[in-house]
Amino acid sequence: MSLSVRILKKIVKNEAMASDPPEIYGWRVYLLACSACFGAMSFGWDSSVIGGVIELPPFKADYGLTGNAKASASLAGNIVSTLQAGCFLGALLASPLTDRYGRKWCLIGISAVITVGVIMQAVSSGNLGPLYAGRFVAGVGVGAASTINPIYVSENAPRAIRGLLTGLYQLFIVTGGMIAFWINYAVSLHFHGKAMYIFPLAIQALPAVLLCLCMLLCHESPRWLARADRWEDTKRILSQIRNLPPDHPYIEDEFQEIVDQLEHERRLVGDATFWNLQKEMWTIPGNRKRALISITLMVCQQMTGTNAINTYAPTIFKNLGLTGTSTPLFSTGIYGIVKVLSCICFLLFMADSLGRRRSLLWTSIAQGLVMFYIGLYVRIAPPIDGQAVPPAGYFALVCIFLFAAFFQFGWGPACWILASEIPTARLRSLNVALAAATQWLFNFVVARSVPEMLVTVGAHGYGTYLIFGSFCFSMFFFVWFFIPETKGISLEAMDRLFGVTDGPEKALVEEDNTHHTDGNHSSSGQDKKPAEKGQTSQIETVA
């Protein structure tokens, strides 16, 4: 047994880790996950770099962010939120594209789209039109990556460490954000003139280039190949990823689970046309519940206020009493480091051990407490220009860092893990697309509104923090009543957790049969027994 497997067995505590063969935790599965997650790094990098860039004096002068505070805040909100608008469109387009062309080649195409958008931003040279267009185009690529990236990773990951590997998506987001924060700080010290903002805008292309190069070395998802009826390729790639021979019992069992699940789903509604998938998602209670959970999780994730702090961290640090240009940017860099270290701790010690549900519960309360402290501090004893930050103010700054840690311990990675693992195979891309589009829609709302909220919602924007804190407390009750634990459960075994029953399945089959010829009636009747067999195998897997 290798050292890496021994370490995994010590930190990951679930039944699958104890029973599955150690060979499946080889280097290939980590390479696949990290390669795809460069798309997530583009997400974090692009979202975070702009918050520092709009605070740089040359950028303010060239793009008209001087003068009236409210007008400047509105313009800054427009510049920032254009990316999120493109991301919303990209997330919706990703589902049909990845179902048709596969996960691998869509991620490669996405990298090219992001690169084109970044180039447009870098050469805009003081013109708002090209800057808006470039951020929108890059956003389309980033939004599509936010849908496909977690799907690809979850479909390749062994069940025992699926939370850890899918959670790498969030780790790469915060790593990209951290690098962007420190680049902003470096250019504020060492660059002058237009280069001060052109360089951080141009270097955003780096993770997109790495995504393209690394994905060229990776395989297609075996579960997508199964949906395309490429069964030999499915088994061959599954064997390679798991580092086991094709006739190994573990490979045979996982392959059979994929076959049974896919046959079962096809008998439910038939071919995977758009309307059949919509009918399957919204008329079967278990599938509808999963879609609504994914959407609500993403709404909650954004209403914690995390991307308000990610994007406008320099502005928020100024509001808490830090002065100058470099000092808030330095504090933002420290904020990025805290997020990365916290996310690593979550992935190693919580995702597949403490679990998704408990992590979401305790961090809801913790996030709410620190947000309320910041809001009450700004309301009761706001910082005064020209005076030193008081001890209560320094603790408010510490609360920003605590918020970053608490978010990475739960609501950051856990939402993406759940949204990508709970749907059925046929609905996975559609479910994640809806979740990602919801995330980007509310990310857009937050990015567009927060600059003006910090100016208008109470003195120093104290009400902004109280609003986000209230949402954090309310999320505890949503998780308590609606989110089950999914750690260590195979993707093909989620139906038992979410209550897909025979009743609605039979109703859908009967409805589907009324639209077919007698020959199809006969075929459906012959296929009932394999479908029941598929259901049985799923239940046995969970048990």
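## Overall architecture

Among contacts between residues at least 6 apart in sequence, 81% join residues at least 24 apart. This is a predicted model. The protein has 27 helices and zero strands. Its chain runs to 543 residues, and 58% of them are buried.

The accessible surface comes to about 20200 Å². Carbon and sulfur atoms account for 66% of that area.

## The α7/α8 pair

Helix α7 covers residues 103-122, and helix α8 covers residues 128-156. The two pack at an angle of about 155 degrees, with their axes 8 Å apart. Angles over 145 degrees count as roughly antiparallel, so α7 and α8 are roughly antiparallel to each other. Their crossing is left-handed. The contact of α7 with α8 has 19 nonpolar residues, along with five polar and three charged ones.

S125 sits in the loop between α7 and α8. Its phi is positive, near 50 degrees, and S125 is not a glycine. Most residues other than glycine have a negative phi. Is S125 buried, partly exposed or exposed? The relative accessibility of S125 is 39%, so it counts as partly exposed.

## The α19/α23 pair

α19 passes α23 in a left-handed crossing. By class, the contact of α19 with α23 divides into 19 nonpolar, six polar and two charged residues.

P222 belongs to helix α12. How accessible is P222? Its relative accessibility is 0%, so P222 counts as buried. Leaving aside residues up to four places away in sequence, P222 touches E155, N156, T234, I237, L238 and I241. Helix α13 spans 231-242, and T234, I237, L238 and I241 are among the residues that P222 touches. Helix α8 covers residues 128-156, and P222 also touches E155 and N156.

The loop between α12 (222-227) and α13 (231-242) holds D229. D229 is not a glycine, yet its phi is positive, at about 60 degrees. D229 has a relative accessibility of 44%, which means that it counts as partly exposed.

## L497 in α24

L497 lies in helix α24, residues 494-498. At 29% relative accessibility, L497 counts as partly exposed. The cut-off explains the label: buried means under 20%, exposed means over 50%, and partly exposed falls in between.

Which residues does L497 touch, not counting those up to four places away in sequence? They are P484, E485, T486 and I489. L497 and I422 are 75 residues apart along the chain. Their C-alpha atoms are separated by 9.0 Å.

Key: Residues numbered from 1 in each chain as written. Predicted model: local features only at pLDDT ≥ 70, side-chain atom pairs only at ≥ 80, totals over all residues. Heavy atoms only, no water. Axes fitted to C-alpha atoms, helices over the stretch in contact; angles between N-to-C directions. Helix = DSSP H or I, 4+ residues; strand = E, 2+ residues; numbered from the N terminus. Parallel < 35°, antiparallel > 145°, perpendicular 65-115°, else oblique. Left-handed = near helix turned anticlockwise from the far one by under 90°. Nonpolar A, V, L, I, M, F, W, Y, C, P; charged D, E, K, R; others polar. Buried < 20%, exposed > 50% of the residue type's maximum accessible area, 1.4 Å probe, protein only. Contact = heavy atoms within 4.5 Å. Areas by Shrake-Rupley, 256 points an atom, 1.4 Å probe, with all protein chains shown as cover.
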